[in-house]
Every structure is written in C-alpha cells, then in structure tokens.
Amino acid sequence: MIRLNRVSKAFRQGTLRVAVLSDLSCTIREGDLVTIQGVSGSGKSTLLHLIGALERPDSGSILIGDQDISTYDNRQAAVFRRDSVGIIFQFYNLIPTLTAWENVAMALDIMNGGIPKDYTRVDTVLEQVGLASHAHAFPQELSGGQQQRVAIARGLVKHPAVLLADEPTGNLDEAMSDQVMDLMVRINEEQGTTVLVVTHDPSVAERGRTRLKLHHGVLTPVP
Amino acid sequence: MVTIVAIGVSVTIGLYAAMDSLNHTLDTVYREGELADLEIRFLAEDRQNVPEVRDIDGVEEVETRLIMPGYITLASGRRLPTLVYFLPDEWPQRVNPIRPIDGDSFSPDSSSWCLAERSLAAYHGVRKGDSLRVQVGYKAYEFHVSGVAFSPEYLMSASTGNFLVPEKGALAVVYTSQNQFSQNMGFELVSSISFRFQKGADAVILRKKLESRLSERLQILEVIPKREQFSYRWLSLDLEAYAGFIPVLIVIFGIVGIFATFITFTRMILSNRRGIGTFMALGYDFRHLAFAYLTGGVILACLAFGLGLFISFPLRDLFMSAYAQAIGLYQMYPVMPVRRVLLGGALSFVTVGGAVAISLRYLSTLTPLRALRPVQNGGKRRFSGNLKMGRGFAVTYALRNLVRHSGLSGATVFCIALSLAAVMAYFIALTSLDRTVEGFFRGYPWDLIVDFHTNLWPEDVEELAANQPIDAWEVRVKGHVTFTSEAGEYDSTLIGVPASAALILPPHRIGTQPPDCQKGEVVLETVLARNLRVEPGDGLTLRSGQQTRHVRVVGICAGISGHTSFSRIDYARDVLDIGETSSILIAKASADVEPEDLADRLMQEPDVAYITVQSNIVGSFKALLEEFWVILRIATALSIMVALVFIITTLLLSVMERRDEFATMKVMGVSQGRIGAILITEAMVQMVLGILVALPISIWIAFYLAHSMSSLWFDVHLQPSLANYLVVAIPAIVLSPLSVLPSYRYLVSLDLTDTIRNRNQE
C-alpha cells in the first residue's frame, strides 16, 4: 500500500516559487497497476520522484507499507531505492559500458555487500523480458525497446515491492510501446508487483487497472 | 589545466632564478669582498726580497701575507689541519679583506689575538674570547679569539687540498698579525701576494708580467687566478651541473602542460558540440569559433603565467636555501632576471597556444550537421568477456570506463608517467653517482693521502713511513703548471705518478693511464681536456716557472677537480724542477690501526701539512649530494602534485560527462561509498599504470642525466635500485585517492531530479 497524505511540493524558478503539488492525497493498493496521465509540467514526474524517495515533499507524508519515506535522510532514501523500488526511465539510463546482463546484475551487486548474490536470478529476469539471447550485448547494440526491457529487468531483479516507470514508452514507437506495456502488465499480473506508470500518452494510460489524471496538482480518477 | 601549466612555469622561472641568484651571490660576494684577481704563492721569503710590482700597468692593489700550515688539537683529541694567515699591519686589507662578523678585529700590536674564520665557529664552536693553541711546525702559538671573521676566499666551507670537495669544518683558518711571526724571526716573512687589477686590465698579460717579475727572486709554487680559486671554481662547476638538470624538467612539464591543455580544450569542444553546431548553422565559420577558443586560451595562458610567476618566488627561495645550506653558503642575494620571467611566459603561451591549436584541428573538421549529431560513446566488443561482475560492479565499471575513454586515459597515464619518470630518473642518476664515487674510492686500497709542507727527499719520506704503522705506501709529486692550446691558457695541478702506482689511480676514461705515460706525455682530467679542446694524440704547450715544453695528451681521466693533469713521476719532477723530492705520501694503514688514528699520529710529524682520510672524503661527497637530495625531494613533491592535478582534471571532466550514469546509479541506490570506490579505482589504476609506464622512461632520462654528470665529473654507471622507484611510487599511490575529492564532491552534490529532468529534455 502506498499512501500519500496532503503532500505538497514546490520548486523555485528564478525568483518565483512554483507549486507543483498542493495537498495531494491518494492511496495506491498493493499489487495494483496504476497509470497517471498528465500534460507536461503537471507534476506527474515529481509525484513519481516523491514516491521513489528521489525527492522529499515540502509537507505531508508518504507511507510505503508502514514506513514514512518522507522523513528519510539521503542514506535511508538510497537504501530504500536500492532494496524496495525499481525505477524505469524514458531514456532507459543503462550504463553504456556494461552489457545487458551486467546492467541487470548491477542492481543485485549493489545490495548489502555481505549477502551472497544469486546471479541466476539475472538470467531468469532476462528470460522473462525476452532478452536471454542478448544478455552479453552492450546497450548501443540493442534497439530502444530492447534497452527499455533491460531497464525493466534491472528494476525487477531485486523483487521490488514497487516498480515506478517514468514515461517508459516516451522514446519508443507504437509497436515497441505495446511490447513494453505488455511486459509491465504481465509482471504485475504474474508477480503481483505494484506498478505505477506516469505517461502523457493516452494509449499507455489506458493499460492501467487504476487510471488517474493529474491536472494543476490535483489527482482525479479517470473512469 | 591552469595549475599544471603554472607549475611548469614556476619550475622554469624558479629553478633558473635560483641558479642566477647563486651566480649573482657568487659575483656579489667576490666583488664586494674584493677577492683577489690573482694570487701567487711562493717559498716563504723576506719581504725585503720580494720584487716591487706596483709599477706594472694594470695592478691596482697588492697585498702580501704569510700563510703557515699547522694544526689545532680539538677537545676530542683529533688534530684539525689549520692555516694561519699572518697579515700585514694595515687594516683592513686592500685585497681579500677579512671582515669580522662577530666580535672585533685585532690590533697589530696585540700579537696574541686572532680572528677565527667562520667555519671554525660554525663547525667547531670557537667563539669570541676563547683561547686557541695552534701548532705550526715546532712552535705552538697561544691565541685569544677576538672575533669570528668572513673572507671571500672561504665563501665555501674549507676543503681538502687534493679533491675538489668541500668538507665542512675540515680545515681551520686563523688570521693574526704578522708581528706574531716577525717578532720571532727578526724579519718579515711572506709567502703569498694577492693582486687586484684595474678595470679593463688584461688579466692574462698582467699575470705573465707578474710571474716573470716575481720569479726573478722568488720560487713560485702556485699561481691562482680568480677562476681557479677553490670556492669560485667549485661553485661554478657545481652550478654548471645543476643547470644541466633543469632543461629536462622544463621539457617534461612543457609536454605535460600541452597534454593538459589539449585534453581540456578538446573536452570543451566535444561537450559544446551542439552549441558549436548551432552557431555554425547560424552562419558562424571556423575562424569565428577558433578566435573564441584562442581568446580563452590566451586568458588561461595569462592566468597560468601569473600563478606560475607567483609560485616561482617561494620556489626559488626554497631551492636556493636548500642549496646554500647543503654547501655551507651563509649569504644569499636573490634575483629574478627579466629574461627568466619572459622564458616562463613563453613556456606558458607556447604550451597553451600549441595545445589549443592542436585541439582546433578537430573543430576544423566539424560541419553543422556533424556537430549536432549525438555522439555514441558506449560499450565496445573489445572489452567484453574479460571483466566479470564477480569482482564487484564498482571495479568493473571503473575499469570499463578507462577503456571507454582510452584516449583520455592514455594521455593521463602518459602525463603521470612523464612527471614521475623525471624524478625517478634523478633518484636513479644520483644513486648511481653516489655508488660510482664510493666504488671508485673503495676500489683502491689507500687509506690516507698525506701532503707535506715542502717537498721531502726520499730518505725523509722513508723515515717518516718507517716510523708509522703503514702496510704500504707510495709517493706522488704535485705542482702548478699551465697548459696552452689554441683554446687558451689553463692552469693545472700536475701530479706525478710512479710506474708501480697501485694504491690509487684516477678513474680511467680514454687512452693511457698515468703510470704508463712516457716522457713528454700527459693525461688530463675531462673538464681540463674539454676546456683546452684536446683529445688523446693532440699536442699542448706546458709551462712551469720559466720553462716551456711541448707535451702530448695520451689519455683522459675522470675527476671532480676539473683541472688536474697527470704524468710519470720522473717526468713531473723534471718539469717541476724538484729533483728527487716528493710532495705527497699515499698510505695504507696497518690492519691493527684505524686510518683516523694513523692520521692523528702523522699530524704530529712536523713535515705533514694536511691529511685526507678516505672515509672522510667519501663522507664529504655524500654530504655534498645532500644538496641534490633536498632539491630532489622538493621536485618529487611537485611531480606528484602535477600527476594528482592531472588525475583531478581528467577525472572531473570524465565524471561530468558521465553525470547521467552516476545519477542513474544514485537513483538505483548505489551508496556514496561505492561511488567513491569507483572514482578511487579509476584514479589508482591510472596512477599505477602511470608508474609502470614511468619505469622505462625514467631509465631513458637517467641515461641522459648520467651523461650530463659524466661530462663534468666521473663516468656514472647507472645502477637503479628498487628504492629509487618506491620513493616516488609509494607516495604517489598513497596520495592518489585524494585526487578524487573534487569529482566526489561534484557527484555527492548532484541534484538527482534536475539531472534526470535535464536528461529527459535532451
């Protein structure tokens, strides 16, 4: 369960202070697949960043399970992101000098140093995203869709409670977008992972079981 | 980049200015100290019998004195060789004046007072008010020390007579009134005349006239023009060697500066590709863009020059004081010649200008479309498969990144290698010099060299040796001669060596060794041969007293005096006209006696003037090298600093380019510790690779340095040791993690969401 309680966030642009989210509250059920739609500047990425502990709210609380991540310091936030959340970006953000296998394995490798890692899990998730045969390819040798699937595998390999995706199809053509969203839906259904996708693309937003729209800092359900 | 170029500028200006300051100090002290232009020493004679020379044109001042060798018995029981200068009544002296620096001068009437030369105070603790007992021959003089004095003749710490090596405190010098001696003798005895010439006088012609006039009534023993005066000659030779070391440093810092500037500007152009493409699309051509970068280059060159000039002042003072302390100079006159400042400025502008020009070649190849097209800079097949995740993501990522930016990494490694190789080479060269010198002295079985007051007949030498615990002994003769070739006239100390000599011989270089010389043949020391521009087989004119002979050079030997020549002993006796007498005894002590103890016993003999003990001369040479070790330690710190600054610069550039990758890692939860580990791995790998590349380069540079030293002193055989490398490598490796601090701070302060947003806007 993800619960946002009266969350506010503003940014400073020059001398102006621009409120992006004001007293926003919402609840996301465990195992749900939620899409949040909104135009550029609506605050949907900020919302995702807050849930991913990339930023702290100016006020309000964010509960992931029973933990209030809005009070985390930088170190606690890093541990939270490392152990509990998978994050997927529009531009994949793979490390170009690591192969697909290594990019995925990195997420395991950075977890608690003393714990023995099960690297067979890397092969499993690459199999799940359909890239077992490209495991040793470098990112630039893969298509955009394949790179995004590597990014998804990287987010999944550590069994996160929540998978956050920021415009995951924003850089892909329609066919590739469909493949990626199919994968998200399958992961949500088969593994019960809570998936939260923010997008400006209505066709992607339609794939959510719960669909929300963010407009002027207010989150409203889409029927 | 500015710091790296500035260090090169500061080293160039600082080292040359230090050398100029030392030369200026030498000139100033000798000029203000009114050092004699010429000194002629002769067998002591009644002053009444010394020919008048003031009437010779060009002679400005004349000063006579009596110099007598003796010894002082130190509190430890050791006997310290001592020269007593009996000075005329006029005070202050007109040539080589003695200046009290503590206490007072003595009155000519106060015959029991003396001034102690400053080495006696500095190294043996003699102070104003002390009593000194000086044994001269059979007579003991009791003095009260009226003060401590400085004389330009002893600018350097007093030295031994047989090797051009200053030995701190090895010789005591005491100045007293001539009345001391004349009262005992009933007449005024003198043994030295010093001259100061009028400005513009021809020193060579004057010298000939003076020698000719004085030899009418005096038996001349030695003629010492200013350039042959011990401290003047030693400092000149030493500074020549010192100057030989500087160009290597300038070349290395210049290359490193060019690389640093080239990398900086190339990265600037690469990171501004899109901006450049936009300007080109708007109609700006290469000349406009090149002008903009060149303007930036000029500003950076000015900054580097300004910073370098600022640093060069303390650097000059540091080198100068280290040198002065090592050799015992107590007075310094620092200068900052304009030509050295201009040289530093030229280095800055040539380095930056050259590097910017090379960088602009890439800019000239850009078209608007090419500039605007994104650059693919990612993984490559060539490094897949070898690096596995098993060693940890941080190490894998760090190593892969170095391979990805192979050009930048290679340049960084090369520059680190160059800056470290330079100091490694100096360590190798100095260690080799140290070992070569020690090997030479230890390679022969001699323990002592004993100089006599006056030449002794064979039976006297035999008697002296027979009464001492000596296992083996040989004699030499020594005297002043002058060689003339087309290159000019040069003074030399001619040493006659017996055919059977085995206790010590000069280090052989080319041709015949002295014992194998025939009549009319001489072996010259390298520097003397170089000055005379002669090689084995060439002829020379040799002058001794009023006699002139034609001799042939048959060999060249190494040495550190720069003016010694050798021949067979019988020929040398003939040349010097000294019959069968000998000037020097070389001895090997019996197994049951320490050489120092034997030296003490021999010092009691009235005929013995001075003793050189092998272990002391080796120790003195090692102490002298200390000046270079001090300078080298400073240079090591600078070189490591350059290497670190280079890593700081390139790592920061590389990290800024990989900002998104690090942001992704932080988003994924990679700890700051792991990010630090990535950076430290990259820095340390580059440093270690730099050190490995530095090893062969350092040998190559060391060969050059050894060659430079060989041309002045000994043939230096390279004998690198592990310590030569470790003394540079260990601090460099230990300090290399510090070079990641700027990059680490940059990454720690990275705003994740801003970075991600900017990435998404690209």
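Mentor: Helices are DSSP runs of H or I with at least four residues, strands are runs of E with at least two, and both are numbered from the N terminus. This is a predicted model, where local features need pLDDT of at least 70, side-chain atom pairs count only at pLDDT 80 or more, and totals for chains, interfaces and linings use all residues. Residues are numbered from 1 along each chain as its sequence is written, chains are lettered from A and ligands numbered from 1 in the order written, and side-chain values use heavy atoms, leaving out hydrogens and water.

Trainee: How many helices and strands does chain B have?

Mentor: Count the DSSP runs in chain B. The totals are 21 helices and 20 strands.

Trainee: What share of the residues in chain B is buried?

Mentor: Buried means under 20% relative accessible area, exposed over 50%, and partly exposed in between (1.4 Å probe, protein chains only). Chain B has 762 residues, and the buried share is 58%.

Trainee: Is Leu644(B) buried or exposed?

Mentor: Leu644(B) sits in helix α16 of chain B, residues 614-657. Its relative accessibility is 12%. The cut-off for buried is under 20%, so Leu644(B) counts as buried.

Trainee: Which residues does Leu644(B) contact, leaving aside neighbours within four places in sequence?

Mentor: Contact means heavy atoms within 4.5 Å. By that rule, the partners of Leu644(B) are Met687(B), Leu735(B), Ser736(B) and Ser739(B).

Trainee: How many Å apart in space are Leu644(B) and Ile733(B), C-alpha to C-alpha?

Mentor: In sequence, 89 residues separate Leu644(B) and Ile733(B). In space, their C-alpha atoms are apart by 9.8 Å.

Trainee: Which cysteine sulfur is nearest to that of Cys517(B)?

Mentor: A disulfide is a pair of cysteine sulfur atoms within 2.5 Å. Over all chains, the disulfide count comes to zero. Cys517(B) is in no disulfide; at 9.6 Å, its nearest cysteine sulfur is that of Cys557(B).

Trainee: What is the relative accessible area of Cys517(B)?

Mentor: Cys302(B) is partly exposed, at 39%. Cys517(B) is buried, and its relative accessible area is 0%.
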